[in-house]
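The stops below can be selected one after another.

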Amino acid sequence: MAAVTQKATPPSPTSSVAAGASSVLVRREAAAVASALQDWNDDHTGKKQVASVVRSEPASNATNKGIQLLQRAQTCHPLDPLTAAEISVAVATVRAAGATPEVRDGMRFIEVVLLEPEKNVVALADAYFFPPFQPSLLPRTKGGPAIPSKLPPRRARLVVYNKKSNETSLWIVQLTQVHATTRGGHHRGKVISSAVVPDVQPPMDAVEYAECEAVVKDYPPFVEAMKKRGIDDMDLVMVDAWCVGYHSEADAPGRRLAKPLIFCRTESDCPMENGYARPVEGIHVLVDMQNMVVVEFEDRKLVPLPPADPLRNYTPGETRGGVDRSDVKPLHINQPEGPSFRVNGHYVEWQKWNFRVGFTPREGLVIHSVAYVDGSRGRRPIAHRLSFVEMVVPYGDPNDPHYRKNAFDAGEDGLGKNAHSLKKGCDCLGFIKYFDAHFTNFTGGVETIENCVCLHEEDHGILWKHQDWRTGLAEVRRSRRLTVSFICTVANYEYGFYWHFYQDGKIEAEVKLTGILSLGALQPGESRKYGTTIAPGLYAPVHQHFFVARMDMAVDCKPGEAHNQVVEVNVRVEEPGKDNVHNNAFYAEETLLRSELEAMRDIDPFSARHWIIRNTRTVNRTGQLTGYKLVPGSNCLPMAGPEAKFLRRAAFLKHNLWVTQYARGEDFPGGEFPNQNPRVGEGLDSWVKQNRSLEETDIVL
């Protein structure tokens, strides 16, 4: 169970980081370094700030032993997730800035996350302060000052909900000085900006869910309704507070609302009983989550509870009157010499791959700065940032309450905040490196999910094989992949998110759906057109799960370069004629996606459609432009009419692929606050209306 830890020794001020380099290189790059710091300061404060710099040694004193590193002023890389101490400082700073005691008392902390710096600051950190230590990647300029002695302070971005005023605000806090309390250090933060965001509702919190359940179970008409269904013990009742979405003006964000779904456990004392197998139909409840009161209640229809069945519970077979499989022998994963990967903080190296592991309360796992070390060509960037930024689950049953079920599990709840603490031998196998995750709870306290992200190697069958039939000799290469993953639970469903890195240069994103279904109850003898009967009195409504991956690409782009474009490839059958006399000819046709409106694309298996993210300035050994192919997996579009209510919040589901020009702040495809959002087409649907050029730029998929 213990996490594998590897201690990284920070380089000393005299550590060599680039063999054969000289301080002449330092001076050439210094202007770009100072510019990077100044750009960051200008973008984040609106004021000119002077970076602290230290002069390099004259060229005459240079040696061929390498660049001399300056003392690092901080131990956290600019992309490392916020530490527990940093979160505490950010919360304390915002709370102290409240105008009145009432404002401070009403503050509820939805999210505290790292404000990721501009890409040029990340490049500076990677060049001189942290691995991969590649100063040659920065643009070279003549003259200028030397390398700064420290990076800009880290900053936190907070989403704060005021429970008394029903207002949502965004705060930026500079984390000037953060030391662990155990070392007796000081906690200092500085508010850089704050602003109220009108007409929005931020994500719900676990504390609110628990309070909502208690309020509903305490409501006398609800207690009576459950008695009519034969339930006297409220401890058996489960109340899941689903967000109301947006269906009409009644759902407007002026009130913070939830429309709970009701389930009921049996009389069993089983600690892992599947209460979701007994949905309570016919009860309508609307809860004001700001004031925690039931504002609407109606017992509309009495539907018998599905019969109790111990075989539906979560526990091993013998505890449910059955047996588990007994014909499976042990299978061991053994790495006696340890793993092939190396971890330094959040920086990971494996085979020719290197990247950084990040984590946010909303997205969960984030992969930063993905690159591949390619022989004499060195470290070749592939992507700035990879993550799943949204997921939507629309239900296709028009009956109440299922027609209202269209959960935005990232934007309304938070995938990261619902993550698991993983256990070796169950969730992951082999030699494992775990990463913890820290986030704030509703009242501003810091919570830690230990062993939240799992990093391990997996055997993946055969990578390549060939046998010479003349000689009978065969060559085979085993395939191995590095997997980074986390798992979260949102009510009844579990989602496993996996990023796989392969030895042949492939990156694969995978999502595994597990857990259990969100079910409905049936009258005796009843069946539903829009669902599948799975047990007596029980059916599963049809629904879809859409996962949106955001890929900020940088194929063969050094820091500061924006030399990518996207080409669509379709396989065409040649027209019959002199070029196709045998009617067997087909070829790949490429089309450059020149603008954002042109780049709203859908999959097409009939033409083997795929897309290539190309570098417009770099060629491979055959003289062709280098690129990475985006290959769609199993996919579809929403099974809903164009006027479906959930599509006003999820317009990004209308196409399988969107391509945009990178712009800071364009992160979430449905906008930052999809909960009760009345605005049509917020997010991707509005960004692309700018119709920015994609012919050569910084590309986001």
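Are E208 and R256 buried or exposed? Select the pair: both E208 and R256 are buried. Keep in mind throughout that this is a predicted model. The two side chains meet in a salt bridge, with 2.8 Å from N to O. E208 belongs to helix 5 (residues 206-217) and R256 to the loop between strand 5 and strand 6 (257-258), so the bridge ties together parts 48 residues apart in sequence.

Next, select R404 and D251. They form a salt bridge whose closest N and O atoms are 3.1 Å apart. This pair links distant parts of the chain, 153 residues apart: R404 sits in the loop between strand 15 (379-394) and strand 16 (406-408), and D251 in the loop between strand 5 and strand 6. Both R404 and D251 are buried.

Now go to D400 and R300, another salt bridge, with the closest N and O atoms 3.2 Å apart. D400 lies in the loop between strand 15 and strand 16 and R300 in the loop between strand 10 and strand 11, so parts 100 residues apart in sequence are tied together. D400 counts as partly exposed at 40% relative accessibility, and R300 is partly exposed at 45%. To see a network, select E568, R601, D604 and R609, which are joined by salt bridges that share partners. The structure holds 41 salt bridges.

Switch to a surface view and colour D232, D233, D235 and E267, which form a negative patch. D233 is in the loop between helix 6 (220-228) and strand 5 (237-240) and is partly exposed, at 32% relative accessibility.

For a nonpolar surface patch, select L331, I333 and L429; together they have about 330 Å² of accessible area. I333 is in the loop between strand 10 (293-299) and strand 11 (342-344), partly exposed with a relative accessible area of 47%.

Helix 4 (residues 119-129) is mostly covered, with nine of its 11 residues buried. Among them are V121, L124 and F129.

Move to T618 in strand 28 (residues 610-619). T618 counts as buried because its relative accessibility is 18%, under the 20% cut-off. Leaving out residues up to four places away in sequence, T618 touches R377, D556, Q624, L625 and T626.

Finish at N691, in the loop between helix 8 (684-687) and strand 31 (699-700). Beyond its neighbours within four places in sequence, N691 contacts S595, E596 and L597. The C-alpha atoms of N691 and A599 are separated by 9.5 Å, although the residues are 92 apart along the chain.

Notes: Residues are numbered from 1 along each chain as its sequence is written. This is a predicted model: local features need pLDDT of at least 70, side-chain atom pairs count only at pLDDT 80 or more; totals for chains, interfaces and linings use all residues. Side-chain values use heavy atoms; hydrogens and water are left out. Patches are made of residues with over 30% relative accessible area and no salt bridge: like charges are joined within 9 Å, nonpolar side chains (Val, Leu, Ile, Met, Phe, Trp, Tyr) within 5 Å. Accessible areas come from the Shrake-Rupley method with a 1.4 Å probe; for residues, only the protein chains shown count as cover. A salt bridge is a side-chain nitrogen of Lys or Arg within 4 Å of a carboxyl oxygen of Asp or Glu. Lys and Arg count as positive and Asp and Glu as negative; His and the chain ends are not counted. The place of a charge is taken as NZ of Lys, CZ of Arg, CG of Asp or CD of Glu. Helices (H or I, at least four residues) and strands (E, at least two) are DSSP runs, numbered from the N terminus. Buried means under 20% relative accessible area, exposed over 50%, partly exposed in between (1.4 Å probe, protein chains only). Contact means heavy atoms within 4.5 Å.
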